[in-house]
Amino acid sequence: MRRRLRLRGEASLTLLLGAALGLLLYAQRDGAAPTTNAPRAQGRAAPGPTPGLRVFQAPDAGAAPPAYEEDTPEPPTPTGPFDFGRYLRAKDQRRFPLLINQPHKCRGNGAPPGGPDLLIAVKSVAADFERRQAVRQTWGAEGRVQGALVRRVFLLGVPRGAGTDGADAEGAGTRTQWSALLRAESRAYADILLWAFDDTFFNLTLKEIHFLAWASAYCPDVRFVFKGDADVFVHVGNLLEFLAPRDPEQDLLAGDVIVQARPIRVRASKYYIPEAVYGLPAYPAYAGGGGFVLSRATLRRLAGACAQVELFPIDDVFLGMCLQRLRLTPEPHPAFRTFGIPRPSAAPHLRTFDPCFYRELVVVHGLSAADIWLMWHLLHRPHGPACARPWPVAAGPFQWGP
Ligand SMILES: *[C@@H]1O[C@H](CO)[C@@H](O)[C@H](O)[C@H]1NC(C)=O
């Protein structure tokens, strides 16, 4: 009975938060920040599955935007020309206060000793309550998965237009609403991290360094960290299997690795990077920001290294620069599909709806909240999907640890 009541309470809270955030989202449509990363938009067009290292195609400025399947939402892109002068002037300010913390995410308050096996960190924006719900109730669920203890946080900044400075009365009012809603959400789910910088596309690098610093401070004993976007589907079981033989004290950063990506020098491009900002012909190898996994050792070292690398407006390239500073090469993994999965030519509509496809993958990018729900439930039906091929990743049930 009590559980029933609690469930009902949770459901109405969900509805309430959902409706309130929906309204705010509607009111602020133009101000919302995107959660995906930049140069992927140019490189994504790789045809067919390409296991292992993928060479980033030279971006062609005049080309039409990459073909995105109709059932996949267009990734949000930054609006307007980017003001590099302003960015360069402001980039020494790289420490912002934490407005909402989860100090007991990994220790104390009933958390088991030793820290979680996997911390899932998802980039999100305040208005995206629906996606957070989908992630919470599907692949991002906390608890034990195959014996491994999983914890989750969402990474947020202050929504644009909510006015960090509270200049006008209206801005201050909206800000109060946002912050009240996020605080309520944090009380309900204890998974919100909110920092005091504007949640914009080009501030995702700030999100990266603040998260690395937070995780090394509050989650130092975690074994592995998965960091990704809210529009991905993660097969946590496959991810845990991949991690099982790995030692968290060894360096590891694995994902969809992009090598030899060239900075875009065309001024009209949204991803234009002037030579004064980055002079070399190619970026260091980096893992697509849609989803990658790192070990505790690498987390610690990255937090230190990134603190010394000058801010760069594209967050996954920035992380590549930190890795380069550590002389660490990201490990390509073919099952991390942060560019979205290639369209099977014969059955385009099956693309995101074939659960058998997902059984073999670790990360798939570019999904709507509905896609994520559907996939999760198809994969977790009592008998699972009837797939033609056997599951290639695992044989028999897998158990974490000795
Ligand atoms: C990043 O956030 C800071 C602090 O809120 C803000 O002043 C700045 O304009 C933001 N930068 C970008 C590029 O959006």
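Start with Arg136. Arg136 sits over the face of Tyr189, 4.0 Å from the ring centre. Keep in mind that this is a predicted model.

Now the aromatic pairs. How many does a search of the whole structure find? Nine.

Take Phe96 and Phe197. Their ring centres are 5.8 Å apart and their planes meet at 75°, over the 60 degree cut-off, so the pair is edge-to-face. This pair links distant parts of the chain. Phe96 is in the loop between helix H3 (84–90) and strand E2 (98–100). Phe197 is in strand E6, residues 192–198. That is 101 residues apart. Buried or exposed, these two, Phe96 and Phe197? Both are buried.

Next pair: Tyr278 and Phe312. This one is edge-to-face too, at 5.9 Å centre to centre and 70° between the planes. Tyr278 lies in the loop between strands E9 (253–259) and E10 (286–295), and Phe312 in the loop between helices H8 (296–306) and H9 (315–325), so the pair ties together parts 34 residues apart in sequence. Tyr278 counts as buried, at 10% relative accessibility. Phe312 is buried as well, at 2%.

On to the cores. In soluble globular proteins, nonpolar side chains tend to be buried together. Here, the largest nonpolar core has 49 residues. Phe312 is among those with the most contacts inside it, along with Phe211, Tyr283 and Leu302. Setting aside residues up to four places away in sequence, Leu302 touches Leu212, Leu253, Leu294, Leu319, Cys322, Leu323 and Leu326. A second, separate core has 42 residues, including Val122, Leu367, Ala369 and Leu379.

Methods. Residues are numbered from 1 along each chain as its sequence is written. This is a predicted model: local features need pLDDT of at least 70, side-chain atom pairs count only at pLDDT 80 or more; totals for chains, interfaces and linings use all residues. Side-chain values use heavy atoms; hydrogens and water are left out. A nonpolar core is a set of buried Ala, Val, Leu, Ile, Met, Phe, Trp, Tyr and Cys residues joined through side-chain atoms within 4.5 Å. Buried means under 20% relative accessible area, exposed over 50%, partly exposed in between (1.4 Å probe, protein chains only). Contact means heavy atoms within 4.5 Å. Rings of Phe, Tyr and Trp (its six-membered ring) pair if their centres lie within 6.5 Å; planes under 30 degrees apart count as stacked, over 60 as edge-to-face and the rest as tilted. Helices (H or I, at least four residues) and strands (E, at least two) are DSSP runs, numbered from the N terminus. A charge sits over a ring if NZ of Lys or CZ of Arg is within 6 Å of the ring centre and within 35 degrees of the ring normal.
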